[in-house]
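Good morning, and thank you for coming.

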Amino acid sequence: MIGTWPPPDPNLRSRRRLEMPSRPAKPIRETVGADSAAHLREPRNWLAGVALPRLGSRSEIANTHRQLLDLRPTIPLFAAIGALIWAGVTLWHVPLTASIQGAWLAAGGVLTTLFAVFGLREAQPKAGEVADTARGLVTLSAAAGLLWSTLPVISDIPFALVLSISMLVLGIVALSPMPLAAMAYMVAFAVTLVTRLDGFASSAAAVVVLSGALTLYLAGRRTLIERAEGSMRDLGEQRVRRLCATFETCGSGWFWETDIDGRITYISPSFGAAHGTTNELLIGRPLGDIISLEVEDPDEAATSLRTLEFHLQGKLPFHDVVIPVLFPLGIQWWSLAGTPIYSQHGHFEGFTGIGGDLTDVRRSEDRAMRLARFDPLTGLANRITIRETLETALLSHGGVVPQRCALLLLDLDRFKSVNDTLGHPVGDKLLEQVADRLGTLVGADGRVGRLGGDEFAVVVRDAETLAGLSAFAQRIIDYLSAPYTVDGHRIIIGASVGIAIGPDNGHSVDALMRNADLALYAAKSDGRGKHRFYEGGMHRNAETRRQIENDLRGALVSNGLSLNFQPIVETASETLVGFEALVRWHHPRHGEISPASFIPIAEETGLIDGIGEWVLRNACMVAAKWPEHIGIAVNLSPIQVTNPELPTLVINALAQAGLAPERLELEITESVFLEENPATRATLQRLGAIGVRLTLDDFGTGYSGFSYLTKAPFKKIKIDRSFVSGAAERGGQKAAIVKAIVALADSLGMITTAEGVETHDDLDIIRRIGCTQVQGFIFGKAVPWAEAGILARSEAPIAPNGMKSNRPRRIAMLRRATILHNDRRRSARLRNTSDTGAMFEARWLPRPGDRVTTFVEGQQPRSGMVRWVEEDRFGIHYDEQVIAADVENHERAA
């Protein structure tokens, strides 16, 4: 099987290991440089070639000179013998020292001495002086030949001619390694013989000497060239062997060879140990069989196999062919280069080449690629990869029956408070758990990515129906909203989802990303924990939101905000016990803007801290002017509670206003306890220690759990209006819920406040149940500080003023709705409905008397008139009556 170990039966394969084959001269010359001895064959290089060929470096010149010429004592010995003989001749002619013969003899002694000295120097030349010494030697040799040839003429020694001929022979022998020097020596002899001797003898001697000189030069030069070529060949082969040995032993690569059948016949000895195997497992195997297809990208391995087989079968050289090989240590990547081998007769004998280990390089490249395409914290796809996936999904929908894809953008609710209170390490671990949940839930239905921070994305390639996408998004929200445990902390977060469908909501990646982001913002604006599909009007809403944010910043700086105060009345005596401070914003162009519209924006943009501090200080300043038995309640955003400086801000506000701590009531919602944060609990304990009263607001509407009541020193529970409004209706369960909450509060020694009381029937049932305090329209709406001061200083009870329950029965429900108002479609939520009308909640507010048309999920469009507008709610009286019981039955059946 390809790429598996061990190989098939070893008896069927050749186990021979080949030694490194000898290389021809041409590759060696190509390895070490040009053929240096060729310089000797060129006439213009004869003089320089006498000493040695031209090589690359000075050290090589000196070493080769000594190896090729092998001078050793030859020239110095010849020069020394000549100097001694000449000295003897000079002593023989001592009386002639003053004559011309004496001067010549003296000059000859000096010349032979210089020759001896130069010969010693020539025996050990320096790298940069070889050519100069060779030329100098030729010159001195010519001078020496001229000197010795004149000995029979100037001397009357009987053996002068014998000595001269002897020195001729000795000079030829001594200078034979340097043909040109020997030739110069002999030519000088011949010239002297021709000029000094008479007759046929001189001519014959000259011809003999010149012929011998030429013969000696040619023979010596040929010998020199052969020795130079042999020496350079040996030097090149030694260098190649040294380089090959270093290459094989240093671990950077290896050599390999195959036979004509493509079977491996040789591989470097160090290969097996470096790869956790033995060379015997490779010898005899076809080179292509070692490629493993069991890799992450089998297509790449198959391409490598085809490329290698193409070159091997075509007997073509190749390089940089990367192949995966399975070893006991795991998959490794090789880079192979090879060239075909041919015999002297042109027969193909196989391939030879080198290989290198690219495993570490590939792993580094894979890590770099992963860092570039995947999130390092969660391992999910990053923004770049998600964009590529989405682009591919868009391009794949161009068939005859195009199918839609979808992009879901997710944002974690309340994640920032986790980072702020528990630290970023805990936040990072929480993100890892979120990624695991998303990966498990989405699976093969899509691709999950992290875009940054706490924002995730899911690409669904096949979005068949809106209902299916809606159910899928809700599963994501529910799954991510389940509690987490990180480093002993129990954490509860939520998720909001925005959905854009391609190509319906955009034909490009940028368009889908932008529209999904707008849908995500709409989902968060709906109260979070929701999912929204992109709608065309979201662009306008986004621009409106941006404008509101800018204007809100200006209002905070220029005191554009104001406070209204809604009475809180004791149920039994109907006397005033306090007010709740409610922030209001009168926009110079848009009029009154509901807190439900700008408070979420303030929380998202970080303005809530400044607004909260402003509300706290001004509420305390106003309350300080009221009688001492009148208290003031201030709402705290969950973001404010996570601020460890909150107790200090409260102390400063009380001190600046001169208000007693027990007169200040801080209302906190259950969402503060979604993260089990010791720091938040410590902040609440510090607030309780100051003496202010803590109230658990909107009890039962959030993530309900009685354990919240024990996590802070609460003095009061506020029952949300959703349980109070309509409590007197027959057959309803609201009264029972209110009764249970009041009983719980009484057992814990807490007082209760019912908010949203609007009718006398509801007030009666609340009073009978035993609720301590009441807050609602029946005792008054929120009023400016001046009117609140008049009420605070009045000692008379406040008479309830509201409707009896003679209006049609209202059915409470929460449904998403669209309202056509002034030719514009606006988003809203249906809170309750009756036979004649309905109450809606929205961030925008119509005016009483406006005509509208409502579109509610599961109901037919209905037209009517706006009858009343209060805070973030308004009531509509329909033109035609609808049996509310039928609507209720339809809802139950659905």
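Predicted model: local features only at pLDDT ≥ 70, side-chain atom pairs only at ≥ 80, totals over all residues.

The accessible surface of the protein chain comes to about 43,100 Å², and carbon and sulfur atoms hold 57% of that surface. Such areas come from the Shrake-Rupley method with a 1.4 Å probe, and for residues only the protein chains shown count as cover. Residues are numbered from 1 along each chain as its sequence is written, and side-chain values use heavy atoms, with hydrogens and water left out.

Of the 894 residues in the protein chain, 47% are buried, that is, under 20% relative accessible area, where exposed is over 50% and partly exposed lies in between (1.4 Å probe, protein chains only). The protein chain contains 29 helices and 28 strands; these are DSSP runs (helices H or I, at least four residues; strands E, at least two), numbered from the N terminus.

Let us turn to two helices. Which residues of α16 meet α17? They are Val-434, Arg-437, Leu-438, Thr-440, Leu-441 and Val-442, and their partners in α17 are Phe-472, Arg-475, Ile-476, Tyr-479 and Leu-480. Contact here means heavy atoms within 4.5 Å.

Finally, consider Leu-161, which lies in helix α8, residues 160–175. Leu-161 has a relative accessible area of 48%, so it is classed as partly exposed. Thank you.
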